[in-house]
Amino acid sequence: MDPIRNPYAPGAGQRPPELAGRGEQLAAFDVVLERVSRGRPERSLVLTGLRGVGKTVLLNALRGAAVRKGWGTGKLEARPDQSLRRPLASALHQAVRELGHPEPDETAQVLGVVRAFVERDAGADAKLRDKWSPGIDAPVVRGRGDSGDIEIDLVELLSDIGGLAADVGKGVGIFVDEMQDLGADDVSALCAACHELSQSGLPVIVVGAGLPHLPAVLSASKSYSERLFSYQRIDRLARDAADRALSAPAAEEDAEYDPAALDAMYDATGGYPYFIQAYGKAVWDLAPRTPITAADISVAAPEAERELAVGFFGSRYERATPGEREYLRAMADAAGEGGDDPVGAVATAEVAAVLGKKPQSLSPARDALLKKGLIYSGERGRIAFTVPHFGRYLRTVG
């Protein structure tokens, strides 16, 4: 079939041609936007799930919904080696611009606080190159958002931005990807700011996305975070949504799958959105004609698996040191070939038994893998892969 007309899009955070199975989340967020705009109380939102389930895609779709409502929005991706101040300031600068407040003086005042907030990290004697203020012509506003205590500063900054949004009857949405990678102080400050904003009724919400253990990270920071956020677990697609993710884009290109082909695709992908796009692309390129058959799936499956082995699994495996790879393979062996658990959750003691070592001696490797986002701990004493079917891949690389 014509590769130029191939509709599938296997890319990190790349929106698929058919955003299937997420209608419930999009509809619920529309309600949140309307309620916040009208001054109604509403919680911020946290999306959690494994790699490859489409959290970033959904986060971007929610941001798009906010933009269409006239909100000011900004997005950042958290990194474990970076303070929140600079990326958040950049996101808020964009949000203020999108609001389009009619009073330049009011806007300049808030942007001056944004500059003060981010320059506090650089210090008073920092060189010009170490200060961040691209595009912000407003003078720094001292005494607001620059105390050095991130919790105080963030509350002050978001309160000012919330007031700006309230003036024009709109809201501000801050979209944070990889939220579990925020530093402990930054997580605490963000929770405190959300708490303060919800009490004051200002139209600012945070929408975060992260790995399955993100709720535990937030709860460890502030006990009230369990009530502060609305948590939504983003999982693999149900069968009807997975079929639609394949069939709808194909129909746009005058192609279709026969029923047996859809059965084979669901068996191969498990309903994981990234896998659906990867297999869909490979099948389209190799199938001779429409309708696509189960035999076409069998022919294309090795190509899709090679692509996943390099771009999805292999790229993550390569980030691990030899000692960490040994730990990962031991996790895969401990989980075993059987079972329906796509993340291979196992007890740390089982991993130690496979390696013939004491659990304490393996703590450095485990902690490094946790920091790299290759594994997570959903409960005390147990770990799992953040990537579905990673264990199956590891058993093939030896």
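Colleague: What volume does the largest pocket have?

Modeller: Please keep in mind that this is a predicted model. Rolling a probe the size of a water molecule over the atoms shows where empty space is left. The largest pocket is lined by 43 residues, and those closest to its centre include Gly52 and Arg316. Its volume is about 810 Å³.

Colleague: Is Pro273 buried or exposed?

Modeller: Pro273 lies in helix H11, which spans residues 273-286. Beyond its neighbours within four places in sequence, Pro273 is in contact with Arg22, Gly52, Val53, Arg236 and Leu237. Its relative accessible area is 17%. Since buried means under 20%, Pro273 is buried.

Colleague: Which strands stand at the edges of the open sheet that three strands form?

Modeller: The order in this open sheet is E6-E8-E7, with antiparallel pairing. Strands E6 (346-347) and E7 (375-379) each have a single partner strand, so one side of each is left without a neighbour in the sheet. The strands at the edges are therefore E6 and E7.

Colleague: Which residue in E8 is the bridge partner of Val346?

Modeller: E6 pairs with strand E8, residues 382-385, in the antiparallel sense over two bridges. The partner of Val346 in E8 is Ile383.

Colleague: Which helix gives the most to the lining of the second largest pocket?

Modeller: The second largest pocket has a volume of about 480 Å³. Of its 20 lining residues, the closest to its centre include His213 and Ser377. Helix H15 (363-371), E7 and E8 each supply at least two residues of this lining. The most, four residues, comes from H15.

Note on methods:
Residues numbered from 1 in each chain as written. Predicted model: local features only at pLDDT ≥ 70, side-chain atom pairs only at ≥ 80, totals over all residues. Heavy atoms only, no water. Buried < 20%, exposed > 50% of the residue type's maximum accessible area, 1.4 Å probe, protein only. Contact = heavy atoms within 4.5 Å. Pairing = 2+ DSSP bridges. 1 Å grid on protein atoms, 1.4 Å probe; cavity = no way out; pocket = protein on both sides within 12 Å on 5 of 7 lines; lining within 4 Å. Points joined across faces, edges and corners; volume = space filled by probe spheres on them.
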